[in-house]
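These are notes for a colleague who is opening this entry for the first time. Please read them with the structure in view.

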Amino acid sequence: MQRIEANEATNYDWGILARYTRQGYFRESRIKEIQHPATPFLQFNLTKNIKQFTIQVTQNCNLRCKYCTYDGNYNYQRIHSNKIMTLGIMKKCVDFIMARSSGIAEISLGFYGGEPLLEIENIKKCVDYVKETYRGRSVRYVMTTNELFLMMKILISCLKTGLMCPLVLMGQGLSMIRIVFFRTAQARLTR
Ligand code: SF4
């Protein structure tokens, strides 16, 4: 701007000025306030219209995928830990959501981790609490899981019934199974 005001501007300077002018700078009328189109509905949405809520029931997982968001490779992201959410806090979350979703026909309640199946007993109790306390409310339950815990349970029950289950492990399969058993046992021991 100094070069333009001193009549010393180059073509390059004029080009930059033209670009900024096209983008809305240097107008006589200035923008006083910027507001998102949904801002007027924010109060209503937060007090009566919560459709979906996800509870992080544990920060632990029975796997350690290299690409995992919680593997310590990402800035500003948490890492795996033994922190769990107590049943009492889960119930408080549910009460919070129910009090703010009266305008919703069906609420989606998600359970997330880490691996939420490590906390399946508390999740089941939490679902029972919702069903008992909020009869008549329609709730869809969702869980984000790697399902390994389920596979292990099925495998163990098959073995208990005498069903032979030859396991074919390829590549890093064996070390993966070891990690799963170790992490699952560790998560239970460190309560
Ligand atoms: S299963 Fe999911 S939470 Fe667990 S380590 Fe892998 S990506 Fe991360």
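Against which elements do the buried residues of helix 5 pack? They pack against helix 4, strand 2 and strand 3 (138-143). The points below start from the whole protein and come back to that helix. Please keep in mind that this is a predicted model.

1. Overall make-up. The protein has seven helices and three strands. Read from the N terminus, the order of the elements is α-α-α-β-α-β-α-β-α-α. Of its 191 residues, 16% count as buried. Among contacts with a separation of 6 or more, 80% are between residues 24 or more positions apart.

2. The core. The largest nonpolar core holds 12 residues: V57, I84, M85, M90, V94, I97, I107, L109, F111, I123, C126 and V130. At least two residues of this core come from each of helix 4 (87-99), strand 2 (106-112) and helix 5 (120-133). In soluble globular proteins, nonpolar side chains tend to be buried together. F111, one of the core residues, is in contact with I55, V57, P116, I123 and M143, when neighbours within four places in sequence are left aside.

3. Helix 5. This helix is 14 residues long, and the distance from its first C-alpha to its last is 20 Å, close to the 20 Å expected at 1.5 Å a residue. Its buried residues are N122, I123, C126 and V130. Viewed down the axis of helix 5, these buried residues fall within an arc of 105°, so they line one face of the helix. An α-helix has 3.6 residues a turn, so residues three or four places apart point the same way. On the other side of helix 5, the exposed residues are E121, K124, D128, K131 and E132.

4. The ligand. Which residues surround the ligand? They are C61, L63, R64, C65, C68, Y70, G113, G114, E115 and N146. By class, this shell has five nonpolar, three polar and two charged residues. Two of its members, G113 and G114, are joined by a cis peptide bond with omega near 10°. G114 is in the loop between strand 2 and helix 5.

5. Helix 2. The 12 residues of helix 2 (residues 11-22) should span 16 Å at 1.5 Å a residue, and the end C-alpha atoms are 16 Å apart, which agrees. Helix 2 is hardly covered, since the count of buried residues among its 12 residues is zero. Just after this helix, G24 has a positive phi of about 105°.

6. F26. Apart from neighbours within four places in sequence, F26 is in contact with Y20 and T21.

7. N7 has a positive phi of about 55° although it is not a glycine. N7 belongs to the loop between helix 1 (2-5) and helix 2, and is exposed, with 6 other C-beta atoms within 10 Å. Y76 is not a glycine either, and has a positive phi of about 60°. Y76 is located in the loop between strand 1 (52-56) and helix 4; with 4 C-beta neighbours inside 10 Å, Y76 counts as exposed.

Methods. Residues numbered from 1 in each chain as written. Predicted model: local features only at pLDDT ≥ 70, side-chain atom pairs only at ≥ 80, totals over all residues. Near = placed C-beta within 6 Å. Nonpolar A, V, L, I, M, F, W, Y, C, P; charged D, E, K, R; others polar. Core = buried A, V, L, I, M, F, W, Y, C linked by C-beta atoms within 7 Å. Buried ≥ 20, exposed ≤ 12 C-beta atoms within 10 Å, placed from the backbone. Helix = DSSP H or I, 4+ residues; strand = E, 2+ residues; numbered from the N terminus. Contact = placed C-beta atoms within 7 Å. Expected span 1.5 Å × (residues − 1). Arc of directions from axis to C-beta.
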